[in-house]
Amino acid sequence: MNDRFAQLIARKLSGEASTAELDELHSWLAANPEAQYFYEVFSNFWNSRPETDANTAEDDDHFRQIIALAEQEEGPAIEPGEEYIPGRGRLVTLRRVLAAAMFIGLAVCTYLFFIGRSDVSGQAPVNEVVARTGARSHLLLPDGSKVWLNSESKLVYQGSFNDTIREVHLEGEAFFDVVKDAKRPFIVHTSDIDIRVLGTAFNVKSYPRETLIEATLIRGMIEVTNKNAPKAPKVILRPHEKLVFNKEKAPAAEEGKGVKGKPEHIPAISITALPKNMADSSLKETSWVYNKINFDGDTFRELAQKMERWYNVHIRFSNDKVADFRLHGSFANETVEEALQALQYIAPFRYKISGNEIEILKQ
């Protein structure tokens with residue numbers, strides 16, 4: 001039945017599932033709640049998986065061998081009531097079914113292995129979800145909470161939360177829509193701050209190479225703890241407020257002094273209010289969840305960091321003055337070159353593209 005489960009998912013994702021197969025899949029998911037979690041994770045991963053990926057070329061060699069054999073066949077197996085349509089379009093779909101089935105089959109085996117291991121050890125397996133550069137992911141946590149993971153981000157959590165607490169560890173950026181559970185607080189651990197909630201929606205940005213950690217609250221309430229100063233008062237954030245934590249100022253703030261023993265007047269944590277009448281999709285802090293890049297007063301260098309993750313490119317500046325340009329606008333479906341061309345209307349610069357390398361030059 002596990003093989004059948006993999007086959008049903010493969011046929012649905014490839015668009016080949018019949019009505020009877022869809023009903024069978026839905027019945028299987030309804031009867032096996034633990035499978036729903038796996039289905040959601042894989043479905044979102046599969047939908048965001050590029051057609052070709054140089055980083056996984058070797059891993060896909062076996063897929064290509066199976067696909068080559070399939071193309072030598074006179075035609076795929078036909079189910080009763082279906083019509084065989086000759087031509088490349090059908091073979092393209094068959095390739096997708098085979099690739100999906102093989103990948104899902106492997107994933108199901110891995111999933112069942114972890115489930116079996118947790119039964120023996122008595123501990124839930126640790127899951128790690130990674131959104132690589134140029135990709136984003138959407139997953140469902142064991143408690144039903146939803147998470148959107150931005151590019152170059154990683155989320156680590158146990159396969160099942162315990163009876164007293166729900167904990168995840170974030171490196172990068174994620175948007176959380178947390179299911180309310182008064183008996184089990186939800187905690188997001190980052191490198192320097194912990195965020196504790198009951199039920200709410202918020203965005204957290206904590207990239208290792210960036211100085212600032214940001215927490216933006218959309219609804220509900222969150223409590224932020226400074227790991228560098230655990231005895232300091234906790235910060236309460238209310239809807240449409242944004243907390244910014246400066247990693248470089250954290251040690252000085254904890255000690256209460258700055259350079260040469262002088263008092264440190266700039267705190268490690270600051271809070272700003274966001275426009276309450278602005279949609280989440282228009283806020284630069286959360287627009288990425290809606291597949292948009294919004295920038296409102298960002299420097300070109302700051303925007304370039306977002307574009308590098310978004311488009312899987314590397315951008316370098318030959319002129320610091322150009323890098324300090326303040327920019328306002330948004331991108332949605334533009335390619336990286338279309339985005340650069342649009343920026344040239346609001347800032348004087350030239351650019352050169354060589355593969356994934358982009359150089360920004362003075363006009």
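**Entry 1: Asn150**

I began with Asn150, which counts as buried because its relative accessibility is 6%; buried means under 20% relative accessible area, exposed over 50%, and partly exposed in between, with a 1.4 Å probe and protein chains only. I placed Asn150 in the loop between strand E3 (146-149) and strand E4 (153-158). Helices (H or I, at least four residues) and strands (E, at least two) are DSSP runs, numbered from the N terminus. I then listed what Asn150 touches, leaving out residues up to four places away in sequence: Ala131, Ala135, Arg136, Glu173, Tyr207, Trp288 and Trp310. A contact here means heavy atoms within 4.5 Å.

**Entry 2: the model**

I noted that this is a predicted model, in which local features need pLDDT of at least 70 and side-chain atom pairs count only at pLDDT 80 or more, while totals for chains, interfaces and linings use all residues. Residues are numbered from 1 along each chain as its sequence is written, and side-chain values use heavy atoms, with hydrogens and water left out.

I looked up pLDDT, the predictor's confidence in each residue, from 0 to 100. Its mean over the chain is 76, and 68% of the residues reach 70 or more. Over residues 52-95 pLDDT stays under 50, and the model has 36 contacts beyond four places in sequence for them. Residues 253-259 also stay under 50, with 13 such contacts.

**Entry 3: the chain as a whole**

I recorded nine helices and 18 strands in the chain. Of its 363 residues, 43% are buried. Taking contacts between residues at least 6 apart in sequence, I found that 51% join residues at least 24 apart.

Glu152 has a positive phi of about 55°, although it is not a glycine. Its relative accessible area is 27%, so Glu152 is partly exposed.

I then turned to Asn127, in strand E1 (residues 126-131). Asn127 counts as buried because its relative accessibility is 17%. I noted a separation of 9.8 Å between the C-alpha atoms of Asn127 and Val168, which are 41 residues apart along the chain.

**Entry 4: helix H7**

I checked the length of helix H7 (residues 300-311): at 1.5 Å a residue its 12 residues should span 16 Å, and the end C-alpha atoms are 15 Å apart, which agrees. The expected span is 1.5 Å times one less than the number of residues. Nine of the 12 residues in H7 are buried, so I describe the helix as mostly covered. Among the buried residues are Lys306, Glu308, Arg309 and Trp310.

Phi of Asn312 is near 60°, a positive value in a residue other than glycine. Asn312 is partly exposed, as its relative accessible area is 34%.

**Entry 5: H7 against H9**

I looked up how H7 lies against helix H9 (residues 336-343): their axes come within 11 Å and cross at roughly 160°. Axes are lines fitted to C-alpha atoms, for helices over the stretch in contact, and angles run from 0 to 180 degrees between N-to-C directions. The two helices are therefore roughly antiparallel to each other, a term for angles over 145 degrees. I noted that Phe300, Leu303, Met307 and Tyr311 in H7 meet Val336, Ala339, Leu340 and Leu343 in H9. An α-helix has 3.6 residues a turn, so residues three or four places apart point the same way.

Definitions and conventions:
Angles under 35 degrees count as roughly parallel, over 145 as roughly antiparallel, 65 to 115 as roughly perpendicular and the rest as oblique.
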